Amino acid sequence: MSELSHLDREGRARMVDVSAKSDTTRVAVAAGELRTTAEVVALVRADDMPKADVLSTARIAGIAGAKKTSELIPLCHQLALSSVRVEFGFTADAITIEATAKTKGPTGVEMEALTAVAVAGLTLHDMVKAVDPAATLNGVRLLAKDGGKHGHWTRPDTADIPPEQSPPEDDSVDLVADGDTVPEMRTAAVVVASTGAAAGIRADTTGPVLVEWLTGLGYSVRGPLVYADADITVGIADALHLSPALVVTTGGTGASPTDATPEATLAVLDRELPGVAEAIRQRGTAKFPLAALSRGVAGLAGASVVVNLPGSPGGVEDGMAVLEPLLDHLIAQVAGGGRHDNP
């Protein structure tokens, strides 16, 4: 077994000396969920809890928790955080939490992202306990990290992976022997372009549906990442930063002056997949003629497939129906595998 980085030769706890390491940009993404009741989920989404403004309070708490990580976890280094984002989503009986922490320095930012999730989740629990004292905070885990000696790491499907193949921290040596391979779960990100949802004055009805669908297909999913229409370029860049296999956007594809998702997407694409976008439009137009107004595009940004869907539940449903039979073959081709006949 590899030597633990936070123990000295005598087995005593120590703070790792990182002074010899070079400063690099480091990003970590963590997630968790507060399992509760459908009633609580509905109340939080409607901003109708006895303690108002639940999500804003939990978001601020998560950011503050990330900034205090070195005071809470004894052997963590003090980091100059350049960014902390805390986002929430909903399932039928849970509030999902995702935190992204970023710094430029000599050591990783995983603990800051994990602490942000944990503190945000505990704050959610405090805010909902009057209605559901039995709520539970579950699944606080690292999803991905980037930067430093080990570069990019994305959480694998750990069901059949022994503990010694869990992700190495930036302060440790590699835990996977040379020549070994760790099977990775395919990764995806969901981005929602909605000024109202980003401001908290409108419920996001499409992002959680896409997350649930992709999770059911076996993807490890970031999001929904909710951005105002004016900030969708930043949202797509955020989704692509960790190089997921698939990015699905919803919203901002119409003819309104504020609809800018196709332009933001085209700016990052290396190659387009026009047939995918047209198939989604045709399926929608067959039921709803105004679906022809959608300007959504699809294509490849590096090794990531990016697909725009409309911001309506019906448009998302059409997109899922078109994409589901294509995704396995498409993702395999982009990764360099899969059959190439009858393209």
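Let's start with a contact, which means heavy atoms within 4.5 Å. In this protein, residues 24 or more positions apart account for 73% of the contacts with a separation of 6 or more. What you're looking at is a predicted model, where local features need pLDDT of at least 70 and side-chain atom pairs count only at pLDDT 80 or more, while totals for chains, interfaces and linings use all residues. Residues are numbered from 1 along each chain as its sequence is written, and side-chain values use heavy atoms, with hydrogens and water left out.

**Overall make-up**
- The protein has 10 helices and 11 strands; these are DSSP runs numbered from the N terminus, with helices being H or I of at least four residues and strands E of at least two.
- Of its 343 residues, 47% count as buried, meaning under 20% relative accessible area with a 1.4 Å probe, protein chains only.

**Nonpolar cores**
- A nonpolar core is a set of buried Ala, Val, Leu, Ile, Met, Phe, Trp, Tyr and Cys residues joined through side-chain atoms within 4.5 Å.
- The largest one has 31 residues, and Val44, Val86, Phe88, Ile97, Leu124 and Val128 touch the most other members.
- Elements supplying at least two residues each include β1 (24-35), α2 (54-67) and α4 (110-128), and α4 gives the most, with eight.
- A second, separate core of 25 residues includes Val190, Leu210, Tyr219 and Leu246.

**The open sheet**
- Six strands line up as β7-β6-β8-β11-β10-β9 in an open sheet with mixed pairing; two strands pair if DSSP finds at least two bridges between them.
- β7 and β9 (271-272) stand at the edges with a single partner strand each, so one side of each is left without a neighbour in the sheet.
- β6 and β7 run parallel and are joined by six bridges, with Ala188 opposite Val221 in β7.
- Strand β7 also holds Pro224, which is joined to Gly223 by a cis peptide bond with omega about 5°.
- For background, most peptide bonds are trans.

**The cavity**
- On a 1 Å grid over the protein atoms alone, a cavity is a set of points where a 1.4 Å probe fits but cannot get out, and lining residues have an atom within 4 Å of a point.
- There is one cavity of 30 Å³ or more, and about 90 Å³ of space lies in the largest cavity.
- Its lining includes Leu143, His152, Ala188, Val221 and Arg222.
- β4 (136-146), β6 (187-193) and β7 (220-227) each give two or more residues to that lining.

Conventions: Buried means under 20% relative accessible area, exposed over 50%, partly exposed in between (1.4 Å probe, protein chains only). On a 1 Å grid over the protein atoms alone, a cavity is a set of points where a 1.4 Å probe fits but cannot get out, and a pocket is an open set with protein on both sides within 12 Å along at least five of seven lines; lining residues have an atom within 4 Å of a point. Grid points are joined across faces, edges and corners, and a volume is the space filled by probe spheres set on the points.
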